[in-house]
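Student: I would like to go through this model and test each label against its definition. Where do we begin?

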Amino acid sequence: MSGRTVDILWRAPGRQSIAIQKELAFDGRVTPEGPSQADVRSPALIYVLVGIVSVDLLVKTLMTAYKEVRYGGIVVRRGADGRLEIQNDKRLEGGTILIDQGKAKEVRIFRAGEKPGSGELLEAITPLLR
């Protein structure tokens with residue numbers, strides 16, 4: 001996968017989005033989700049990151065992010081527009097990544113306590129990259 005890129009749309013909580021941007025060396029568009037804030041002292045709760053990223057950095061960032069997420073887990077799926085969609089889901093147990101490989105494939109679940117490797121995660125998202 002070295003050198004391969006993917007177009008993402010990642011919805012992340014404000015504080016986490018900063019760490020994600022840094023880890024990904026993200027150069028795409030970052031916008032707050034929802035209505036614009038009238039009071040600039042109150043940051044948006046969710047930020048949306050849209051752009052092209054390295055698959056290798058994405059896997060590394062997902063590995064880091066899911067270990068740190070304590071309010072829900074992370075869901076990864078292929079969107080209708082072909083982008084890789086990533087978002088937090090508070091219904092999942094903290095430290096969980098759910099990879100939805102689509103109708104013809106399976107759902108893969110990774111839990112922080114099981115300590116999966118980045119190779120396993122890369123293998124799980126590979127069907128989403130085609």
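Tutor: With a helix on the sheet. Helix α1 (residues 14-24) lies across β1, β2, β3 and β5 and runs at about 155 degrees to β1. Keep in mind that the model is predicted.

Student: What does α3 touch on the sheet, and what angle does its direction make with that of β7?

Tutor: α3 packs on the sheet and touches β4, β6 and β7. Its direction makes about 160 degrees with that of β7.

Student: What is the order of the strands in the sheet?

Tutor: The order is β2-β3-β1-β5-β4-β6-β7. These 7 strands form an open sheet, and the pairing is mixed.

Student: Why do β2 and β7 count as standing at the edges?

Tutor: Each has a single partner strand, so one side of each is left without a neighbour in the sheet. The twist averages 15 degrees from one strand to the next.

Student: How do you know that β1 and β3 pair?

Tutor: Count the bridges. Pairing needs at least two. Strand β1 (residues 5-13) and strand β3 (residues 46-54) have 9 bridges, in the antiparallel sense. Therefore they pair. Here aspartate 7 stands opposite isoleucine 52 in β3.

Student: What makes β1 and β5 a pair?

Tutor: The 4 bridges between β1 and strand β5 (residues 84-89), against a cut-off of at least two. The sense is parallel. Isoleucine 8 stands opposite leucine 84 in β5.

Student: Which strands does β6 pair with, and in what sense?

Tutor: β4 and β6 pair in the parallel sense over 4 bridges. β6 and β7 run antiparallel and are joined by 5 bridges. Aspartate 100 stands opposite valine 107 in β7, and arginine 77 stands opposite aspartate 100.

Student: Why is β6 called largely enclosed?

Tutor: Because 4 of its 5 residues are buried.

Student: What makes aspartate 100 partly exposed?

Tutor: Its relative accessibility is 23%. Buried means under 20%, and exposed means over 50%. The value lies in between, so aspartate 100 counts as partly exposed. Arginine 77, at 30%, also counts as partly exposed.

Student: Why is the contact between aspartate 100 and arginine 77 called a salt bridge?

Tutor: The closest N and O atoms are 3.7 Å apart. The cut-off is within 4 Å, so the pair qualifies.

Student: How many salt bridges does the structure hold?

Tutor: It holds 8. One of them joins glutamate 123 to arginine 108, with the closest N and O atoms 3.9 Å apart. Glutamate 123 lies in helix α3 (residues 118-125) and arginine 108 in strand β7 (residues 107-111), so this pair ties together parts that are 15 residues apart in sequence.

Student: Is glutamate 123 buried or exposed?

Tutor: Exposed, because its relative accessibility is 54% and the cut-off is over 50%.

Student: What about arginine 111 and glutamate 114: how far apart are the closest N and O atoms of their salt bridge?

Tutor: They are 4.0 Å apart. Arginine 111, at 34% relative accessibility, counts as partly exposed. Glutamate 114, at 54%, counts as exposed.

Methods: Residues numbered from 1 in each chain as written. Predicted model: local features only at pLDDT ≥ 70, side-chain atom pairs only at ≥ 80, totals over all residues. Heavy atoms only, no water. Salt bridge = Lys/Arg side-chain N within 4 Å of Asp/Glu carboxyl O. Buried < 20%, exposed > 50% of the residue type's maximum accessible area, 1.4 Å probe, protein only. Axes fitted to C-alpha atoms, helices over the stretch in contact; angles between N-to-C directions. Contact = heavy atoms within 4.5 Å.
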